Amino acid sequence: MDTRHQGLTLALILIVGVLTVAPVAMLALGSVSEGLDAFGQFTLAKYASAYTDPGLWQVLGNTAVFVVGSTLLATALALVLAYLNTRTDIPFKFLFGVLAIVPMMIPHVLFSVSWALLANPSNGLMNLALMQVFGLEQGPFNIYSMPGMILVEGLLNMPVAYLIIAPAMASFDVSLEESSRVFGAGTWRTLVRITLPVLRPAILAAFVLGVVRALASYAVPRVLGMPGQVDVLATYLYEMISVGFAPDYGKAAALGMSALALAVVLIWLYRRLTGEGSRFVTISSRGWRPAVVPLGRWRLPLFALVALLSFVVIVLPVAVLLYTSFVPYAMVPGSEAFAQMSLKHWHEVLHDATSLLALRNSLFLAVVGATLGVLLSLFVAYVIVKLRTRGAALLETLTYLSFSFPGIVIGIGFMWFFVQTPLYATVTALLIGYVATYLPYGVRPLASAFVQVHDHLEESSLVCGASHLTTLRRVIAPLLVPGIVSAWILMATMFLRELTLSVVLSRPGSEVLAVQVLSFADDGLWGQLSALGILMIAISTLLVVGAHLLGRRFGARAG
């Protein structure tokens with residue numbers, strides 16, 4: 001094996017290892033340390049204090065209900081939508097593609113805030129409208145509750161579950177169901193005994209990934225749970241390090257170690273489930289054919305339900321934010337509200353020093369962070385796919401390590417990592433944390449792109465005397481431009497909306513947009529919050545549109 005290949009692999013293992021292992025190691029050390037100013041003085045008192053807290057069991061119970069409830073909702077919705085889209089003749093199937101992609105572009109904090117504007121018990125728009133129409137003394141909905149949290153988190157996780165279940169549903173061999181019916185089984189028995197068991201790996205994988213995402217979720221519990229005093233693990237950890245005069249970082253780290261261990265087990269389970277797909281293969285070289293189930297008289301009613309879900313998930317959150325950014329206070333849409341519309345909130349946001357600083361910081365992190373992240377991802381993917389050195393497997397494992405952990409927990413680890421350095425409470429600390437946590441978003445599309453470049457191109461360049469670096473720069477990288485652009489945009493949009501790491505690492509002077517949105521929510525400044533939120537969505541949309549246009553241009557040139 002070329003020593004230069006091993007040298008490059010070793011250098012990347014060191015870089016990625018520092019980025020991903022260091023915060024985990026610091027979290028473990030922090031959990032047994034006296035405190036930030038007494039690092040190295042070991043004690044187990046933090047564990048004893050954390051796990052004997054009487055309030056912890058209530059928090060764990062809330063967390064279990066929230067995680068399981070929202071994941072069941074997301075998986076059930078995704079299963080029904082996948083069946084309708086892949087197995088039936090329901091019209092306008094493009095809506096399913098929109099449902100699967102567009103909600104992932106709306107920052108979770110803004111999605112949560114939009115539901116708070118719609119259904120908060122005091123002046124939510126839906127509650128105000130129902131009170132006016134039916135003369136009610138109080139609104140019927142309370143989004144600041146466990147059912148409200150489960151609804152919003154379930155809708156947010158539904159697209160990811162759909163992306164996992166739909167391909168498995170599409171490749172299902174319908175002849176298995178036909179055979180079941182030939183032998184006398186009814187529709188329900190066929191569904192329970194044939195269809196669902198064959199789809200079991202995909203359904204379980206979607207469920208486990210949903211549990212991981214809900215366990216790591218911070219935006220929904222923060223925006224909807226805290227006002228209703230419904231604490232889950234993420235907000236409980238946040239309160240330990242942000243509320244009061246003496247934040248207990250060690251206790252938060254001790255509790256975070258359990259969340260870390262649980263996340264590792266769930267990710268292992270997810271990979272095991274997705275890795276055993278070959279046991280459930282139903283498509284062979286002969287005899288397989290896709291089949292469409294006619295819906296008959298249920299065709300239009302079911303389409304109406306899908307259209308309503310699309311409206312609730314995609315149109316409603318953005319429309320509510322846009323409307324609230326123009327009205328002076330919470331008002332039911334009508335002639336009086338439209339007469340009082342103004343640009344007052346927009347003017348205040350665009351002249352607010354903290355909001356402008358947050359906007360500059362987020363744009364800097366998106367542009368510079370995504371560029372550095374893609375550059376590192378390019379070399380990592382090259383080693384994993386093309387060089388395949390002895391350390392490539394270790395490098396790949398390190399790359400995906402921090403991605404598996406709950407953001408609020410890994411944020412505490414990063415805080416311990418930076419606290420004794422000049423980087424603490426700076427934008428640079430956020431930059432490093434972002435790149436380390438979201439590195440898989442750069443490596444995955446670039447690794448896929450590398451697979452499509454034949455080895456003969458690289459070998460021809462090497463035979464002609466070019467070095468590996470020159471070959472990567474002059475031959476391979478130009479062929480990867482569409483993949484590079486996609487990875488850059490994906491990381492940039494993630495960095496622009498990032499919340500969980502930011503609430504732990506951000507300090508005065510290093511605010512970012514998502515943290516500023518939360519600050520407006522805490523102060524009840526819904527108009528300014530909505531204006532800033534629309535600005536975030538507009539910037540994210542411009543990045544996505546720009547990526548699409550660049551991808552088409554460079555893709556056409558490469559072709």
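Modeller: Buried area is the accessible area (1.4 Å probe) that two parts lose on being put together, summed over both. This is a predicted model, in which local features need pLDDT of at least 70 and side-chain atom pairs count only at pLDDT 80 or more, while totals for chains, interfaces and linings use all residues. Residues are numbered from 1 along each chain as its sequence is written, and side-chain values use heavy atoms, leaving out hydrogens and water.

Biologist: Okay, into which domains is the protein divided?

Modeller: Domain 1 takes 1–22 + 342–558, and domain 2 takes 57–279 + 302–339; such bounds come from an automatic or database domain assignment. Their C-alpha centres sit 26 Å apart.

Biologist: And how much area is buried between domain 1 and domain 2?

Modeller: About 3100 Å², with carbon and sulfur atoms giving 76% of that. On the domain 1 side, Arg497, Trp526 and Ile537 lose the most area to domain 2, together 18% of what that side buries. If you go by contact (heavy atoms within 4.5 Å), 32 residues of domain 1 meet 38 residues of domain 2.

Biologist: What is the count of salt bridges between domain 1 and domain 2?

Modeller: A salt bridge needs a side-chain nitrogen of Lys or Arg within 4 Å of a carboxyl oxygen of Asp or Glu. The count between these domains is 1. Look at Arg222 and Asp522: they form a salt bridge whose closest N and O atoms are 2.9 Å apart.

Biologist: Which element gives the largest share of the domain 1 side that touches domain 2?

Modeller: Helices are DSSP runs (H or I, at least four residues), numbered from the N terminus. Those giving two or more residues to that side include H26 (513–522) and H27 (526–558). H27 has the largest share, 10 residues.

Biologist: How many salt bridges does the whole structure hold?

Modeller: The search finds 4. In one of them, Asp53 pairs with Lys251, the closest N and O atoms being 3.4 Å apart. That pair links distant parts of the chain, 198 residues apart: Asp53 is in the loop between H2 (45–51) and H3, Lys251 in H13 (249–275).

Biologist: Last one: why is the Phe92 and Phe303 pair called tilted?

Modeller: A pair of aromatic rings is described by the distance of the centres and the angle of the planes. Rings of Phe, Tyr and Trp (its six-membered ring) pair if their centres lie within 6.5 Å; planes under 30 degrees apart are stacked, over 60 edge-to-face, and the rest tilted. The structure holds 10 aromatic pairs. Phe92 and Phe303 have ring centres 5.2 Å apart and planes at 35 degrees, so the pair is tilted.
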